[in-house]
Amino acid sequence: MIGQRFGKLKVVSSAPRAASGNIMYHCQCDCGETTLTSASHLRIGKTRSCGCLRTESAARATLAATTHGMKNTATYRVWAAMLSRCRNPNAQQYRNYGARGIAVCKRWHKFEGFLADMGVCPEGMSLDRHPNVNGGYKPSNCRWATTLQQARNKQNTIYLEYNGVRKSLRDWEDDLGLPKEVIYGRVKNGWSVERAIETPYQSQKAHPR
Ligand SMILES: [Zn+2]
């Protein structure tokens, strides 16, 4: 991991493990900032800069919106479709979204708010909502993802509740840096979810018997 590059970040050195058990690294961003991030977020591409990338693309997007207007862009179509399936009872998909209580946060009722938070839709990607029961469409719950990522998200049907948060096994794996097979195996063996998630995992490779 050390020396590897992920987007604008270069991994510099390891840092103490997070309380959650996540493996952490100090990274150097191309913009000059340093940042602390988890190995799993780097690996899955969730963290690609110190935060400057998101700010940059959002600023660029806002500028584009004010100067040219964006009604004919993919980003606008994605936003309009999201709003429609959640808020228009006549929309075809409404029964799977709005009718089931999946809401759009107030800030995103306006295209400008959505654009400022999400930036422009990257080519080949679409809006992915975390399949969280109470999630809805809001910044903390959405990302741009490829169709493949979204399919993986949907396939994963095993959910675990921990600290009052219900997430798929794959998402716990991404968040905690703990292999999902390990979490699942422990729970199957009768461990409580708390113990399964909080007990650090030592791979056999690192600790030969
Ligand atoms: Zn940066």
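pLDDT is the predictor's confidence in each residue, on a scale from 0 to 100. The structure is a predicted model, in which local features need pLDDT of at least 70 and side-chain atom pairs count only at pLDDT 80 or more, whereas totals for chains, interfaces and linings use all residues. Numbering starts from 1 along each chain as its sequence is written. Mean pLDDT for the chain is 83, and 86% of the residues score at least 70. Over residues 204-209 pLDDT stays under 50, and the model has 1 contact (C-beta atoms, placed from the backbone, within 7 Å) beyond four places in sequence for this segment.

The chain holds 8 helices and 8 strands, taken as DSSP runs (H or I of at least four residues for helices, E of at least two for strands) and numbered from the N terminus. Of its 209 residues, 16% count as buried, that is, 20 or more other C-beta atoms, placed from the backbone, lie within 10 Å of the residue's own. Contacts between residues at least 6 apart in sequence join residues at least 24 apart in 36% of cases.

In α4 (residues 111-118), F114, L115 and M118 are buried. These residues fall within an arc of 95° seen down the axis of α4, so they line one face of the helix; the arc is that of the directions from the helix axis to the C-beta atoms. G119 follows α4 with a positive phi near 75°.

In α6 (residues 169-176), the buried residues are W172, E173 and L176. Their arc around the axis is only 105°, which puts them on the same side of α6. Their cover includes β7 (159-162), β8 (165-168), α7 (180-188) and α8 (193-198). Just after α6, G177 has a positive phi of about 70°.

Definitions and conventions
A residue is buried if 20 or more other C-beta atoms lie within 10 Å of its own, exposed if 12 or fewer, and partly exposed in between; C-beta atoms are placed from the backbone. Two residues are in contact if their C-beta atoms, placed from the backbone, lie within 7 Å.
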